[in-house]
Amino acid sequence: MNSSTKKSFYPWLVISFSALFLFYKYVLQVSPSVMTTQLMRHFHLDGMGLGNLAAMYFYTYLVMQLFAGLILDRWSPRKITAIAIAVAAMGSIFFAIADSLYTAWIARACIGLGVAFATVSYMKMATLYFKPERFAFVGGLLASAAMFGSMGGQAPLAYLIEKVDWQNSLIYCGIGGLVLAALFFLIVRDKANPHQTSSGSITWKDIVLVLKKRGNWLMMLYSGLAFVPLSLFGGLWGNPFLETAYNLTTTQAASLSTVMFVGLAFGSPFFGYLSDAWSNRIGIMIAGLWVSLIAILIVLYFPHLSYFFLALFLFIFGLGSGAFMLAFAVGRDINNAALMATVVSLLNTGEPILGAFSDPLVGKILDIFWHGKIVNGVHVFGATDYRLALAILPIYLLLALVCLLCLQFKPEDKYKLMPIPQ
């Protein structure tokens with residue numbers, strides 16, 4: 001392999017390792033969805049208790065997300081990322097061996113602490129190693145990695161749990177994470193930032209400029225509102241809803257969630273490619289929202305769908321949700337590229353903010369409408385209960401649309417965007 005070939009190949013090697021971290025993040029994030037019964041039985045939880053346990057991930061994720069970008073912009077992305085992967089891996093192992101709910105909370109919090117760097121690290125590496133005109137497409141591939149991770153945390157993990165139980169499955173996940181951390185540290189190299197600020201280093205003045213941009217805050221709200229419905233459905237409550245409303249087995253429900261993430265994997269790079277080609281980011285994001293909104297309404301409120309049509313509309317839901325990744329491309333358009341990790345860190349706080357209270361909120365609504373049925377020590381909810389609780393999914397998508405309309409028609413920044421075709 002000659003020198004020029006190595007130079008063209010290495011950026012893809014780096015982004016592949018960053019993608020593996022994203023894969024790992026989503027395996028751990030959605031893993032509770034295929035072990036809800038086991039967790040409720042093991043830790044003696046009701047619906048809200050289970051939601052709070054899953055949400056411990058988002059609490060620390062949110063706090064660390066406020067600093068992850070600053071840390072990666074100022075210090076070695078290679079070392080910081082490797083450490084973050086190792087912290088998440090150890091959290092998975094400690095969660096598996098937890099003998100009390102308090103210990104499980106701490107372990108789940110450690111997972112959130114570590115994986116808070118995954119998205120930011122990926123975007124930082126994309127900024128360092130790829131040209132701006134390829135950023136939306138490479139950024140869109142992030143969702144493909146997320147999809148494969150979410151798929152891995154669904155049907156494959158459910159199958160593994162059936163074979164070796166949930167504790168051993170999470171221990172295996174932890175060991176795999178430690179191996180990934182070591183490989184990342186050994187293979188990925190740090191690279192000088194080609195977009196360095198004029199002062200040579202990032203200052204508080206630069207960060208204040210990021211925080212003062214109205215567009216950044218709208219993109220933060222949009223990205224959270226557009227993505228949390230998918231992560232909420234695929235991460236904890238979608239599987240039990242599908243099992244109850246459509247009389248499916250755990251493996252069948254997990255397979256349908258996998259189809260949803262396949263849609264996300266196709267949608268994100270597809271919308272990224274269209275965005276780079278047409279320079280119409282906002283219009284494409286609005287179209288994606290309408291697609292995902294219609295699809296999830298059909299899944300939730302059309303009770304007699306066949307398995308095929310369930311799979312089809314969940315695929316479409318994931319496909320439309322893929323447009324949310326363009327928020328990061330808009331962030332790059334309107335900010336100094338040297339601050340990309342900081343920008344991504346800000347934009348990415350929307351998901352943990354909403355996720356931190358959305359899981360417990362769904363659980364609380366389920367508890368309110370619970371009819372007192374308990375089977376083998378586990379609270380059992382009806383299909384109507386799930387439909388009432390999961391109504392927040394389309395509500396979030398409509399609020400995301402409002403954010404985009406505010407950005408489209410009242411811009412105060414100079415966006416590199418074309419108007420929506422009339």
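Reply: A polar contact is a pair of N or O atoms within 3.5 Å, in which, within protein, one atom must be able to donate a hydrogen and the other to accept it. Please keep in mind that this is a predicted model.

Me: Fine. Which backbone nitrogen does the side chain of T60 reach, and at what distance?

Reply: The side chain of T60 comes to 3.4 Å from the backbone nitrogen of L113. The T60 side chain also reaches the backbone oxygen of Y57, at 3.4 Å.

Me: Where is T60 found?

Reply: T60 lies in helix α3, which covers residues 47-74. Apart from neighbours within four places in sequence, T60 is in contact with A109, G112 and L113.

Me: At what angle do α3 and helix α5 pack?

Reply: Helix α5 spans residues 101-115, and α3 packs on it at about 40°, with the axes 7 Å apart. That angle makes α3 oblique to α5, and their crossing is right-handed. The contact involves several residues of each helix, including Y57, T60 and Y61 of α3 and A109, G112 and L113 of α5.

Me: And α13 with α15, what is the crossing angle there?

Reply: The axes of α13 (residues 281-301) and α15 (residues 326-333) come within 10 Å and cross at roughly 160°. Angles over 145 degrees count as roughly antiparallel, so α13 is roughly antiparallel to α15. The contact is made by R281, I284 and M285 of α13 with L326, A327, A329, V330 and D333 of α15. In this crossing, α13 passes α15 in a left-handed sense.

Me: Changing topic: which residues of the largest nonpolar core touch the most other members?

Reply: They are M219, Y222, F233, W237, F241, L242 and M285, in a core of 134 residues. Helix α11 (residues 214-246) gives the most to this core, with 17 residues.

Me: What is L242 in contact with, beyond its neighbours within four places in sequence?

Reply: L242 contacts F233, N247, L248, A253, L256, S257, L310 and L314.

Me: N247 is on that list. Is N247 buried or exposed?

Reply: N247 is exposed, because its relative accessible area is 69%. It sits in the loop between α11 and α12 (250-278), and its phi is near 55°, a positive value in a residue other than glycine.

Me: What about D165, what is its phi?

Reply: Phi of D165 is near 75°, again positive in a residue other than glycine. D165 is located in the loop between α8 (155-164) and α9 (166-187), and at 33% relative accessibility it counts as partly exposed.

How values were computed. Residues are numbered from 1 along each chain as its sequence is written. This is a predicted model: local features need pLDDT of at least 70, side-chain atom pairs count only at pLDDT 80 or more; totals for chains, interfaces and linings use all residues. Side-chain values use heavy atoms; hydrogens and water are left out. Helices (H or I, at least four residues) and strands (E, at least two) are DSSP runs, numbered from the N terminus. Contact means heavy atoms within 4.5 Å. A nonpolar core is a set of buried Ala, Val, Leu, Ile, Met, Phe, Trp, Tyr and Cys residues joined through side-chain atoms within 4.5 Å. Buried means under 20% relative accessible area, exposed over 50%, partly exposed in between (1.4 Å probe, protein chains only). Axes are lines fitted to C-alpha atoms, for helices over the stretch in contact, and angles run from 0 to 180 degrees between N-to-C directions. Angles under 35 degrees count as roughly parallel, over 145 as roughly antiparallel, 65 to 115 as roughly perpendicular and the rest as oblique. A crossing is left-handed if the near helix is turned anticlockwise from the far one by less than a right angle, and right-handed if clockwise.
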